[in-house]
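Visitor: I have a fold open on my screen and would like to talk through how its parts sit together. Could you walk me through it?

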Amino acid sequence: GAAFERAALSALGRELGASLDCIGSAHDRGLDLLGRWEAADCWLAAQCKSHLRRKVGSPVLRELEGSLLSLGRPRTLGVVCSHTGFSRAAFEHCRRSPFPLALAAFDDIECSHITGFYTNGALQRLVPTLFVAECPAKVRGHDDALRVVQVVLCDPTRGVPPTFCDQ
């Protein structure tokens, strides 16, 4: 719903530094969020799926690919945001897609933490400096260490930058 879209917008802005707008409407071309990720020099278009109990499947990725085609903007990254995870078929579809795609998994409907940011080869070619650091972190409200990720862009001549995992 709209609350999840706003939470995902906030989280992607906070974690990626992307400048996004909620565009969900009757004429949104199947997209919920759209804007620029200036640091990566690309557009970012996202679908937010707030399913209550089931994982997001590959049909959602096919819909996103159609939305990216109709959008017609070069250098556009497609992201599917979910707090319930992704099916094996969704991961496989993402991996094989010729479109630059990412699956953004959040720990809850408020998008408090990104727990997974899975990318495909097309995205790695679009943004070769993209690096996803995954590390356990003790998070208030969780009994066990929660696996959280940080998405960073790095200068290939200087190596991978320090992440919150190193702090």
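Predicted model: local features only at pLDDT ≥ 70, side-chain atom pairs only at ≥ 80, totals over all residues.

Visitor: Fine. In what order do the six strands of the open sheet come?

Guide: The order is 1-2-3-4-5-6, and the pairing within this open sheet is mixed. Strand 1 (19-22) and strand 6 stand at the edges with a single partner strand each, so one side of each is left without a neighbour in the sheet. From one strand to the next, the twist averages 20 degrees.

Visitor: What packs on the sheet, and which strands does it touch?

Guide: Helix 2 does, touching strand 2 (33-37), strand 3 (42-49), strand 4 and strand 5, and its direction makes about 145 degrees with that of strand 3.

Visitor: Let's look at strand 5, then. How many of its six residues are buried?

Guide: Six of the six residues in strand 5 (residues 101-106) are buried, so the strand is largely enclosed by the rest of the structure.

Visitor: And which residues lie on which side?

Guide: L101, L103 and A105 are on one side, while A102, A104 and F106 are on the other, and with all of them buried both faces of strand 5 are covered. In a regular strand, side chains alternate between the two faces of the sheet.

Visitor: In which sense does strand 5 pair with strand 4, and in which with strand 6?

Guide: With strand 4 (residues 76-82) the pairing is parallel, over five bridges, whereas with strand 6 (residues 114-119) strand 5 pairs in the antiparallel sense, also over five bridges.

Visitor: What unit do strand 4, helix 3 and strand 5 make?

Guide: Together, strand 4, helix 3 (residues 88-96) and strand 5 make a right-handed β-α-β unit.

Visitor: Which residues of helix 3 are buried?

Guide: The buried residues of helix 3 are A90, H93 and C94. They cover an arc of only 100 degrees around the axis, which puts them on the same side of helix 3. As background, an α-helix has 3.6 residues a turn, so residues three or four places apart point the same way.

Visitor: What covers those buried residues, and what does the face turned away from them carry?

Guide: The cover includes helix 2 (58-71), strand 5 and strand 6, whereas the face of helix 3 turned away from its buried side carries R88, R95 and R96, which are exposed.

Methods: Residues numbered from 1 in each chain as written. Heavy atoms only, no water. Buried < 20%, exposed > 50% of the residue type's maximum accessible area, 1.4 Å probe, protein only. Helix = DSSP H or I, 4+ residues; strand = E, 2+ residues; numbered from the N terminus. Pairing = 2+ DSSP bridges. Right-handed = clockwise from strand over helix to strand, strands pointing away. Arc of directions from axis to C-beta. Contact = heavy atoms within 4.5 Å. Axes fitted to C-alpha atoms, helices over the stretch in contact; angles between N-to-C directions.
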